Structure formats: C-alpha cells, structure tokens
Amino acid sequence: RGIYMPGTKKLNDNLNIYVALDSSSSVSLNEYKKFLGIISEISESFYEYKIDVLPFDLKVREEYIISFDSFNPLDNSDLLIPKSNGGTNFDELVKFLKKSSEIRNEDLLVVLSDGEFEINESLLCNTLFIISNRKNLRKFENYGRVIQFNI
C-alpha cells in the first residue's frame with residue numbers, strides 16, 4: 001500500500017544516518033539528556049542502519065564521535081558525551097561532513113538542537129531538524145524537514 005513503518009521494511013542497502021548533536025552551552029542539560037534518548041530511539045526504529053553521532057559546538061568534537069550499526073548496536077553506556085560551554089557553529093559540522101567521502105545524497109542528517117545557530121554552508125543530504133526551541137522552527141524550513149521536540 002506504499003506505507004512505510006520504521007523497523008518493518010527491509011532495505012536492500014543500509015541506511016546511513018548522521019546525528020548532529022548540539023552540545024553547546026545554549027542547550028539546557030534537560031534538553032541534552034532528551035537528545036541522547038532520541039539517539040537510542042532512532043536506532044530502534046530501523047532494521048539495517050549505520051549511525052554516526054557527531055557532537056558539535058564551535059567545531060565537531062571528534063574525540064566524542066560514536067559510530068554503531070545494526071550488527072553492533074548502541075550500548076547506552078557509550079552515550080556519555082559531555083556537554084560543552086562553547087557556542088554553536090553548524091557550518092563547521094557541514095564542513096566536517098564534506099571532508100567525509102562516505103556521505104551520499106540518500107543519507108540522512110538528523111540535527112538535534114535548540115536551533116540557536118545559522119546555516120551558511122550548503123547541506124549534503126536529506127536533513128531532519130529536531131528543534132527544542134519553538135521560536136527557531138521557521139528558520140530551518142528551507143533546509144529540510146523540521147520537527148519541534150517538546151521538552
């Protein structure tokens with residue numbers, strides 16, 4: 001019938017998901033904990049996947065990048081990514097992704113943030129913004145799908 005239910009449709013190819021985790025100081029600790037919970041929920045929603053969690057503030061915090069897939073699932077103890085006290089520079093995240101030769105048009109970028117940033121770089125793949133701050137929803141509509149995450 002053309003209905004897609006996450007976790008019930010087997011894909012021929014792995015779904016590559018990049019999760020941009022805003023760990024900047026503008027994100028409250030409560031928001032941050034909820035974002036970490038969303039990462040677990042994303043991994044439980046698909047049959048075959050590869051997920052890279054990319055924490056970022058003014059730059060991608062490479063020492064805290066987590067990668068897992070459907071064959072080596074996430075262990076919640078891996079989600080011990082500390083929040084930072086820095087600002088937010090989303091363009092640095094996009095530049096980091098552009099350096100990766102693995103990213104494809106059909107991949108998915110999920111952005112978990114309060115939306116306190118601007119975008120100047122062109123995005124590389126389908127993007128879903130999960131924004132916790134209602135006032136920032138409209139500014140990302142031209143870049144991808146936007147969902148408000150109520151906290």
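Predicted model: local features only at pLDDT ≥ 70, side-chain atom pairs only at ≥ 80, totals over all residues.

Trainee: Let us begin with strand 1. How many of its residues are buried?

Mentor: Here a residue counts as buried when its relative accessible area is under 20%. In strand 1 (15-22), 8 of the 8 residues are buried, so this strand is largely enclosed by the rest of the structure.

Trainee: Which residues of strand 1 point one way, and which point the other way?

Mentor: In a regular strand the side chains alternate between the two faces of the sheet. In strand 1, L15, I17, V19 and L21 point one way, while N16, Y18, A20 and D22 point the other way. Residues of both sets are buried.

Trainee: How many bridges join strand 1 to strand 2, and in which sense do the two run?

Mentor: Strand 1 and strand 2 run parallel and are joined by 8 bridges. Two partners can be followed on the model: N16 has K50 as its bridge partner in strand 2, and A20 has L54. Strand 2 (49-56) is mostly covered, with 7 of its 8 residues buried.

Trainee: What of the pairing between strand 1 and strand 4?

Mentor: Strand 1 also pairs with strand 4 in the parallel sense, over 5 bridges. On that side I17 stands opposite L108 of strand 4. Strand 4 (108-113) is mostly covered as well, since 5 of its 6 residues are buried.

Trainee: Over how many bridges do strand 4 and strand 5 pair?

Mentor: They pair over 6 bridges, in the parallel sense. V110 stands opposite L128 in strand 5. Please remember V110, L128 and L108, as these residues return when we come to the pocket.

Trainee: Let us turn to the nonpolar cores. Which residues have the most contacts inside the largest one?

Mentor: A nonpolar core joins buried nonpolar residues through their side-chain atoms within 4.5 Å. The largest core has 22 residues, and V19, L21, I39, I51, V53, F68 and L112 have the most contacts inside it. At least two residues each are supplied by strand 1, helix 1, strand 2, strand 3 (66-69) and strand 4. Helix 1 gives the largest share, 6 residues. A second, separate core has 19 residues, V60, F90, L93 and L137 among them.

Trainee: Which residues does F68 touch?

Mentor: Apart from residues up to four places away in sequence, F68 touches I39, S43, Y49, K50, I51, V53, P73 and L74. One of these, S43, is found in helix 1.

Trainee: Why does S43 count as buried?

Mentor: S43 counts as buried because its relative accessibility is 9%. Neighbours within four places in sequence aside, S43 is in contact with Y49, I51 and F68.

Trainee: How should I read the largest pocket, and what is its volume?

Mentor: Rolling a probe the size of a water molecule over the atoms shows where empty space is left. The largest pocket has a volume of about 280 Å³. Its lining has 14 residues, and I42, F46, L108, V110 and L128 lie nearest its centre. Strand 1, helix 1 (29-44), strand 4 and strand 5 (126-131) each give two or more residues to this lining. The largest share, 3 residues, comes from helix 1.

Trainee: How many residues of that lining are nonpolar, polar and charged?

Mentor: The lining divides into 12 nonpolar residues, 1 polar and 1 charged.

Trainee: Finally, where are N142, K135 and D75 placed?

Mentor: N142 lies in the loop between strand 5 and strand 6 (145-148), and K135 lies in the loop between strand 5 and strand 6. D75 lies in the loop between strand 3 and helix 2 (90-99).

Trainee: Is each of them exposed or partly exposed?

Mentor: N142 is exposed, with a relative accessible area of 75%. K135 is exposed, at 63%, whereas D75 is partly exposed, at 43%.

Trainee: How far apart in sequence and in space are D75 and S40?

Mentor: D75 and S40 are 35 residues apart in sequence and 8.9 Å apart in space, C-alpha to C-alpha. For N142 and K50, the separation is 92 residues in sequence and 26 Å in space.

Methods
Residues numbered from 1 in each chain as written. Heavy atoms only, no water. 1 Å grid on protein atoms, 1.4 Å probe; cavity = no way out; pocket = protein on both sides within 12 Å on 5 of 7 lines; lining within 4 Å. Points joined across faces, edges and corners; volume = space filled by probe spheres on them. Helix = DSSP H or I, 4+ residues; strand = E, 2+ residues; numbered from the N terminus. Nonpolar A, V, L, I, M, F, W, Y, C, P; charged D, E, K, R; others polar. Buried < 20%, exposed > 50% of the residue type's maximum accessible area, 1.4 Å probe, protein only. Contact = heavy atoms within 4.5 Å. Pairing = 2+ DSSP bridges.
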